[in-house]
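This briefing sets out selected features of the structure shown below, grouped by topic.

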Amino acid sequence: MKKWIPAASGLLAGFTAATLFFGDFSQSVKTERQSAHAKTNAEKVYVPFGEKDEYYLFASGGHSGQMFIYGVPSMRHIRTVPVFSQDSATGYGWDDHSKKMLGDYTWGDLHHPAFSETNGDYDGKYMFATDVGNSRAAVMNLETFTVRDIINVPNTSGPHCAAFVTENTEYMFLPTRFAVPIGSEYAELDDYSEKYRGVMSAVTFDEKKEKLNISYQVALPPWSFDLSDAGKKISKDWAVMTTYNTEEATTNLEINASQADRDYIVLFNWRELEKMVKEGKYDTVTGQKMIFPEKHKGGIYLVPVAKSPHGVDVTPDGKYFIASGKLAPAMTVFSFEKAFKAIENKDFKGERNGLPVLNYDSVMEREVNPENALGPLHTQFDDKGMAYTTMFISSEIVKWDPNTGETLDRVPVQYSPGHSVAAEGDTVAPDGKYIIALNKIAKDSYLSVGPSHPESMQLIDLSGKKMEVIQSAPVNPEPHYAQMIKADKIKTISVYPKDEKNKDAVYKQEDTKIVRKGNEVHVYGIAMRSKFIFDAKAKRPDQIEVSEGDKVVIHLTNIDFDQDITHGFAINSYDMNIEVQPGQTSTISFTADKAGTFPLYCTNFCSALHQEMTGYFLVKPKQ
Ligand code: CUK
Ligand code: CUA
């Protein structure tokens, strides 16, 4: 095994330390230093204040349920966007819209973000993600970096094997990590093989309404579906996903799910599944259209693969899919063309759970086993179609040629990379230039914050002859996967446009009002620099008075149509906080269940007189 020095924290203090740290490659670094024009690593990542980064990085926040937005190459953390968990910094989870989206859940486990695509390339419009913790899917609008819809996906549990979208965002497929009885009904684990299923959902997105919908589901065998990818170009109607626990073990999976020498890659043609649904070849189960593949054959095939595979990634030309074997020290390259031929010739080696199994030798293109590389997990690509695979155990990224299997370069990272993300590295047209290792265990890389250390992301420059780590940034748990997009593809808005049709919105001070209907109080208010106006005609326009037990609905519009003038709204001791961005209208509903006098205030700094942006919420006690 290659050796590099586990860093004493002092060694990591500056950029120059990288040369000491990555001793194996000091030669190339020196050569570069000798050239008078070569940029130093520090210069390569330095983006002067006021200038913008070249790429956005959307990093999965794992069990924080959030998404972290970074700039590349500076690796500056720009924003945390809440997706599956509440976030008081943005009021997410308190205003009516986001509260309804989160439903009864307070957290999520976000693994794999995916951009919307047009012709297999990121179009910069939307970002999708799934929640392994509570079986949900979400969509984020990239004009505002806000989540627009979340759906609960019935019959599924733990859509880890997602999100990936097809070439034109026709579908996002959600295969799951855990098998459960359909509808999550009670069923003894002794009946696992008969009653449990690993259900895959086909989710569509209606861009006009910004709504996610479940189109249909497929009752796959009770296996764990791990990672997946959509086909591209010649394979665009297809998708692949890895499985483990095809042993159908129900306990002690660590050992029992790794017994067989082979697991499978599921290869499916989503156009065919779509056709089956149109032809009525499905059952309706718990309100969903469910295809049972043992009943309605076609469209789904199994490809044997070395046991317990993890990632599977389609090459940018769509010709190959590459499986990484977390337990086997090899990447296996499979050919779509060979698979299509084998399917056409019915070159099957029997069936498993009603699904035809293709002959390994008929589909396999090559097995790639870089010397001493251990624990391959995930693969990304550059502009020349070269592959970059993260090695969890030998802590490195290996660059190799999928067309020949030849190892081209290796770079150590610190430590145990899971995923990596290359610039647009899973599209039909990767950029090359950068790849980021998403490390699971950064150990002592940063100032200590106690027993649990921050994980890290390491930026690697791909433009030189050799890969070179040029920047490291700490990241909150947990760096699962990320997406890196050219910054100019994302077109944000700077203020919400006036929406005269929105009955909750008030844009003129004189239109503000407090309306009482029985025990309901509806407030149509305004936030502006530097005051709240709830009822302009009242003696104290910045006061809301209700009776104990009233249902209170506050609509608040920010009428500062100026970039970056965001107001917050909190009522002291009422455990609530919302945000209104420029031009935005938000609604918060609650019951005034505590009598008393409660100051209300703006929580987001908005002007020199922000501190004066206050008022009172008075709750008259019941007689
Ligand atoms: S998984 Cu492969 S290392 Cu959740 Cu994408 Cu984390
Ligand atoms: Cu409005 Cu602070």
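## Salt bridges and local structure

Lysine 44 and aspartate 461 are both buried, where buried means under 20% relative accessible area, exposed means over 50%, and partly exposed lies in between (1.4 Å probe, protein chains only). Their side chains meet in a salt bridge with an N to O distance of 2.9 Å; a salt bridge is a side-chain nitrogen of Lys or Arg within 4 Å of a carboxyl oxygen of Asp or Glu. The pair links distant parts of the chain, 417 residues apart, with lysine 44 in helix α3 (residues 41-45) and aspartate 461 in strand β31 (residues 455-461). Helices (H or I, at least four residues) and strands (E, at least two) are DSSP runs, numbered from the N terminus.

The model is predicted: local features need pLDDT of at least 70 and side-chain atom pairs count only at pLDDT 80 or more, whereas totals for chains, interfaces and linings use all residues. Residues are numbered from 1 along each chain as its sequence is written, chains are lettered from A and ligands numbered from 1 in the order in which they are written, and side-chain values use heavy atoms, with hydrogens and water left out.

**Further salt bridges**

- The count of salt bridges comes to 29.
- Arginine 271 and glutamate 170 meet through their side chains in a salt bridge of 3.7 Å, N to O. Arginine 271 lies in helix α7 (residues 270-278) and glutamate 170 in the loop between β8 (164-165) and β9 (172-174), so this pair ties together parts that are 101 residues apart in sequence.
- Arginine 271 is partly exposed, at 35% relative accessible area, and glutamate 170 is partly exposed at 24%.
- A network of salt bridges links Glu170, Asp237, Arg271 and Glu274.
- Glutamate 478 and lysine 440 form a salt bridge between their side chains at 3.0 Å, N to O. Glutamate 478 is in the loop between β32 (468-475) and β33 (482-486), and lysine 440 is in the loop between β30 (432-439) and β31, so the pair ties together parts that are 38 residues apart in sequence.
- Glutamate 478 is partly exposed, with a relative accessible area of 21%, whereas lysine 440 is buried, with a value of 19%.

**Helix α7**

- Trp270, Leu273, Glu274, Met276 and Val277 are buried in α7. These buried residues fall within an arc of 160° when seen down the axis of α7, so they line one face of the helix; the arc is that of the directions from the helix axis to the C-beta atoms.
- An α-helix has 3.6 residues a turn, so residues three or four places apart point the same way.
- At the start of α7, a side-chain oxygen of asparagine 269 reaches to within 3.0 Å of the backbone nitrogen of arginine 271.
- Glycine 280 follows α7 and has a positive phi, near 75°.

**A five-stranded sheet**

- Five strands form an open sheet with mixed pairing, in the order β37-β43-β42-β39-β40; two strands pair if DSSP finds at least two bridges between them.
- The edges are β37 (543-547) and β40 (577-580), each with a single partner strand, so one side of each is left without a neighbour in the sheet.
- Neighbouring strands of this sheet are turned by 20° against each other on average, direction ignored. Axes are lines fitted to C-alpha atoms, for helices over the stretch in contact, and angles run from 0 to 180 degrees between N-to-C directions.
- β39 (residues 567-571) and β42 (residues 596-601) pair in the antiparallel sense over two bridges. Isoleucine 571 stands opposite leucine 600 in β42.

**Backbone geometry**

- Valine 72 and proline 73 are joined by a cis peptide bond with omega about 15°. Proline 73 lies in the loop between β2 (66-72) and β3 (76-82).
- A cis peptide bond also runs from arginine 529 to serine 530, with omega near -5°. Serine 530 is in the loop between β35 (520-528) and β36 (531-533).
- Phenylalanine 145 has a positive phi, near 55°, in a residue other than glycine. This residue sits in the loop between β6 (136-141) and β7 (146-152), and phenylalanine 145 is buried at 14% relative accessible area.
- Glutamate 210, likewise not a glycine, has a positive phi near 50°. Glutamate 210 is in the loop between β11 (196-206) and β12 (211-220) and is buried, with a relative accessible area of 15%.

**Cysteines**

- The structure has zero disulfides, a disulfide being a pair of cysteine sulfur atoms within 2.5 Å.
- Cysteine 602 is buried at 2% relative accessible area, and cysteine 606 is buried at 8%.

Technical notes:
A polar contact is a pair of N or O atoms within 3.5 Å; within protein, one must be able to donate a hydrogen and the other to accept it, and residues adjacent in sequence count only if both atoms are side-chain atoms.
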